[in-house]
Amino acid sequence: MRRPLALGALWLVGCTFRPASPCDPRFDADGDGADDCADCAPDDPTVFPGAPEACNDVDDDCDGVVDDDPFDAMPEVCNGVDDDCDGVIDDDPTDATEEVCNGVDDDCDGAVDEAARDATWFHDGDGDGWGDPAAVPTCAPTGGDVQRAGDCDDTAPTVFPGAVETWNGVDDDCDGHVDHGPLDGARTGLLHGERFAALGAAGTFGWGGDLRDDGTDSVVVTTRVGPYGEGRLWVVPVTVVHGDPTPLSASYVARVSKPACTAFDGPCGWLTYVASPFLDLTGDGVPDLLVTTDTGDPRGAGEGLVFAGGADLTGELSWGVRATVLVPTVATLSTPTGPRIPLVADLTGDGVAEAAIGREWDEASGLFDDPVNGSALVFGDPLCDPTCPVSVGAGGALTRVWGEAGNRLGATLAAGDLDGDGVDDLVIGAPSRGDHGAIVAIAGGAELGDHTSTAETGPGATLAEWRGGTDERVGLLSRALAVGDAGGDGFADVVAGAGPTVRIWRGTDGGGVRVDDALTLTVTGEGRSAGATACVVPGWVLVGDPGYGDGAGAVFGFRDTSLAGVGTADLDTLADAVWTGQPGDRVGAGLVCAQIDGRWEALVGVPGWDLDGVTGDHGALVRVPIP
């Protein structure tokens, strides 16, 4: 019985007693120096209060926070490990670099070669060779990718950097400007002159009308070479002015040549100004041509010539001398004091056009006294027998509109329905009226009569007078007056250039143009040629400025909607379209608008244009469709 007792005593000596409670401060089970009650891991000798915190997802120092300020934390690197022990793997690693095309996740974002710095492939959705800059570039091409970005419309194959800017309301060349570019880019055709012809001066060309009654509209051009040289008139099919540059001398179907002169006198007058569009002046249903001659002397004699349209307007036509017949189908309008601007319009409303001629140097007394009055002559409808001369007061001359002393009335002419009665009214520039210049409107109608520039009452009365500002000389430049329905509302607008300003008077829905409410477009820093030419078509007002940009010249186009509510604005800023030339081209020196095959187009004169860059001022007419 003693042996069991002895064995029991030995067991008691070799064991330590552990009470049944959760912890006992008298015990340190893991021997780490912290009793089991203070130790948050009593079985782990590396974990105890005050132990060094390591980056191991364990609360080593028993402060209730895991991995707070671990002694072994390292700067984060791209290795798939949470080096800095912030709970996020590879966040902002110190060795991350900009993504490049190398098959490596350089920026450690989990994607390889995405948006790489040296990626050179961009998606080209429209196949024009330029990629969409908004698309994410890639390191390797997929179908349709290209290596250059910059396409501002990746759905339009004709729109890309360097594309030809056309007049279409689109930024074709992606330069940030809509319809702003070189005139050459907008053109659909070009007709050029001979060396030193300076083709394209104001008033020296016209188009719009089938002069030869062959189903093809015509372009008529006058040229002169040297101060006493030969003057010519050319009739060219409008189809020729299309495509590549075409020489005038190889394109005409009819030509009138004026022999060389030796002095400024009547028989030596150049064929100078052309009235367009071409309308029926003789009542036979075929458009006719009105031109005037100029001796170079403001008070020298000159003529108005009506070339009757038809199939016989062809070949080489003779000239003769002043007041004689050029060909059997030509009438000569004899005028005594240097006619300038011709105009054709149906001013009586009978369906047959009248011929009008502005003579700014005319003098009422006939004594050539200064200051001159100026006048505008209107010849009747239909004109008398085409072989007879016509003078004021005979052979169908309807009226003479006189200016007051010093006005120089007749420097510019235009026509349009200002009062909404369905009949064109006569609009005349008087640039020397007062110190501002003026524009006078005479009512058209069956009772068109003689007038002065002062207001009258009754049939054929003066409708309105518009004046410029001090020293503006409204209506001064040779072709700066234009009338047309820009808004397409049936009421004409009036445009006048006074350099450096352009004034636009808007038609009203009650009939008539507002006299005291002019929209003024002001040009700064480009000399005084703004508004040298102008034309108006439905939806647009076009203004020529041949002195723009060191003589490069420009044509500014304004949508009617852009003009609404604008008082004074800079020409460059307001323009919806700007077409320029090269230095010295003088784009816009001449400007004529007409309907060709049912579409409105502009024929722009560029007298300084040189063939193939050779000095010599061949000049050109540039054909530009208007959208």
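Biologist: Which strand gives the most to the lining of the largest pocket?
Modeller: This is a predicted model, in which local features need pLDDT of at least 70, side-chain atom pairs count only at pLDDT 80 or more, and totals for chains, interfaces and linings use all residues. Residues are numbered from 1 along each chain as its sequence is written, and side-chain values use heavy atoms, with hydrogens and water left out. The strands β15 (341-345), β20 (412-416), β24 (481-484), β28 (533-537) and β33 (590-596) each supply at least two residues of this lining, where strands (E, at least two residues) and helices (H or I, at least four) are DSSP runs numbered from the N terminus. The strand that gives the most, with 6 residues, is β33.

Biologist: How much space lies in the largest pocket?
Modeller: A pocket is an open set of points on a 1 Å grid over the protein atoms alone, where a 1.4 Å probe fits and protein lies on both sides within 12 Å along at least five of seven lines. Its volume is the space filled by probe spheres set on the points, and for the largest pocket this comes to about 870 Å³.

Biologist: Which residues of the lining are the closest to the centre of the largest pocket?
Modeller: Lining residues have an atom within 4 Å of a point, and 40 residues line the largest pocket. Those closest to its centre are S276, P277, A415, V483 and C593.

Biologist: What kind of peptide bond joins S276 and P277?
Modeller: P277 sits in the loop that runs between β10 (270-274) and β11 (289-294). The omega angle of the bond that joins S276 to P277 is about 5°, and the bond is cis.

Biologist: Which residues of β24 point one way, and which the other way?
Modeller: The four residues named for β24 are buried, that is, under 20% relative accessible area, with exposed meaning over 50% and partly exposed in between (1.4 Å probe, protein chains only). L481 and V483 point one way from the strand, while the other way point A482 and G484.

Biologist: What is the bridge partner of A482 in β25?
Modeller: Two strands pair if DSSP finds at least two bridges between them, and β24 is joined by 4 bridges to β25 (residues 493-497), with the two strands running antiparallel. Within β25, the bridge partner of A482 is V495.

Biologist: Is C85, which has a positive phi, buried or exposed?
Modeller: Phi of C85 is near 55°, a positive value in a residue other than glycine, and C85 belongs to the loop between α1 and β1. With a relative accessibility of 12%, C85 counts as buried.

Biologist: Is D57 buried or exposed?
Modeller: D57 is placed in the loop between α1 (2-14) and β1 (122-123), and although it is not a glycine, D57 has a positive phi of about 65°. Its relative accessibility is 64%, so D57 counts as exposed.

Biologist: How many residues apart in sequence are W167 and W579?
Modeller: Rings of Phe, Tyr and Trp (its six-membered ring) pair if their centres lie within 6.5 Å, with planes under 30 degrees apart counted as stacked, over 60 as edge-to-face and the rest as tilted, and by this rule there are 4 aromatic pairs. W167 and W579 form a tilted pair, 6.4 Å centre to centre with 50° between the planes. W167 lies in the loop between β2 (145-146) and β3 (180-182) and W579 in strand β32 (residues 577-580), so the pair ties together parts whose separation in sequence, in residues, is 412.

Biologist: What is the angle between the planes of Y548 and F556?
Modeller: Y548 and F556 are both buried. Their rings form an edge-to-face pair, with centres 5.4 Å apart, and the angle between the planes is 90°.

Biologist: Which residues do ring pairs link into a cluster?
Modeller: W167 and W579, which are both buried, belong to this cluster. Together, the residues linked by ring pairs are W167, W540 and W579.

Biologist: How far apart are the closest N and O atoms of R255 and E316?
Modeller: A salt bridge is a side-chain nitrogen of Lys or Arg within 4 Å of a carboxyl oxygen of Asp or Glu, and the count by this rule is 4. R255 is buried, at 14% relative accessible area, whereas E316 is partly exposed, at 48%. The two form a salt bridge whose closest N and O atoms are apart by 2.8 Å.

Biologist: Which residue does the side chain of E601 meet in a salt bridge?
Modeller: E601 counts as buried, at 6% relative accessibility. Its side chain takes part in a salt bridge with an N to O distance of 2.6 Å, and the partner there is R623.
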